[in-house]
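Colleague: I would like a close look at a single part of this model. Please take one metal site and then the packing of the protein.

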Amino acid sequence: MIINIQHDIDLHAHTHLSDGKLPPVELVGLFREAGVTTMAITDHDSIGAHLELSKHDLDGIEVIPGVEISCSAAGREIHVVGLDFDLNNAAMLAFLAEQQQRRRERIRLYGDKLESLGLEGVNQAIDAVKAESITRTHLAEILIQLGYAKNNQQVFKRYLGRKARAYVKIEWPSLEQAVAVIKAAGGTAVLAHPGRYQLSNRQLKELIRQFKAAGGQGIELTYSNIDEKTARWLLERAEEHGLFASQGSDFHDPAWPWVKPGRFPALKSGVEPVWSLWQ
Ligand code: AMP
Ligand code: MN
Ligand code: MN
Ligand code: MN
């Protein structure tokens, strides 16, 4: 059974600069209303939200610099969250610009493939996406909107997923490169939602070992809908490798009833939290 509780620290969330629904100021307002006092905005390969927020006074809530970097390891697309880094770091900015470029190109290739399968109107809709960092979630929404599938799950199964007919492979940077750019910018590298990569326990063990060897410091030990067994297993891995615990909802959209600001199972005691590194 999954027992969610309300937390005041939530270190994983998205705005409309990537695949979230809300503009940064609205997202922060929603988190504040929910009782969150410390949050990180972690858009996919984008820090545009933080640049936007720097123009505003944010009362009653602390927003920590964050990003969720896509990289490659274990034959999968793995996500590494960077926290508390220098938002002006030149190497980070160049890295993210390249990631955004790579994403655009990939989605264009998807568009061409989908159009050649007879799905008309996809390319035009792709061109209208305004997000700084375009994702397959945008593409999924487009296909649903155009009536080519009924929901996200169906879109990925039919068209976008790793085994689906329009899949476009992408050359992401390595896990080592993702960790390195975060650390070079003064940040903390955290392995995102380890239970979501569809890896066997053995593969996941190897991924965590590789992440630690690359200099990774933290691991998400609790997030929306994590089950008790996975949470316990991950805690053991964190203890084994001396990784710091992180936690976050991975909030995207107020219309998703299963993800709410600051709501996820309690962090189990046993390892130090990542925020102890900053205090
Ligand atoms: P991207 O970063 O462009 O590869 O988009 C990745 C996002 O697509 C993930 O964060 C998920 O939200 C979504 N996604 C990826 N694979 C699936 C899947 N099999 N089913 C549903 N959503 C998926
Ligand atoms: Mn996302
Ligand atoms: Mn992710
Ligand atoms: Mn995320």
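Modeller: What follows covers one manganese site and then the nonpolar cores.

The model is predicted. The manganese ion (ligand 3) has three kinds of contact atom from the protein: OE of Glu-68, ND1 of His-79 and NE2 of His-193. These donors lie 2.1 to 2.2 Å from the ion. Along the chain, the donor residues follow the spacing E-x10-H-x113-H. Another manganese ion, ligand 2, is 5.6 Å from ligand 3.

His-79 belongs to strand β6 (residues 76-83), while His-193 sits in the loop between β7 (188-191) and α8 (201-213), so the pair ties together parts that are 114 residues apart in sequence. Buried means under 20% relative accessible area. His-79 has 16% relative accessibility and therefore counts as buried. His-193, with a relative accessible area of 6%, is buried too.

Now the packing. The largest nonpolar core contains 48 residues, and Leu-207 and Leu-234 have the most contacts inside it. At least two residues of this core come from each of β5 (66-73), β6, α3 (90-116), α7 (175-184), β7, α8, β8 (218-223) and α9 (228-241). Leaving aside residues up to four places away in sequence, Leu-234 touches several residues, among them Pro-194, Leu-204, Ile-208, Ile-219 and Tyr-223.

Notes
Residues numbered from 1 in each chain as written. Chains lettered and ligands numbered in written order. Predicted model: local features only at pLDDT ≥ 70, side-chain atom pairs only at ≥ 80, totals over all residues. Heavy atoms only, no water. Donors = N, O, S within 2.8 Å, 3.2 Å for Na, K, Ca; no water. Helix = DSSP H or I, 4+ residues; strand = E, 2+ residues; numbered from the N terminus. Buried < 20%, exposed > 50% of the residue type's maximum accessible area, 1.4 Å probe, protein only. Core = buried A, V, L, I, M, F, W, Y, C linked by side-chain atoms within 4.5 Å. Contact = heavy atoms within 4.5 Å.
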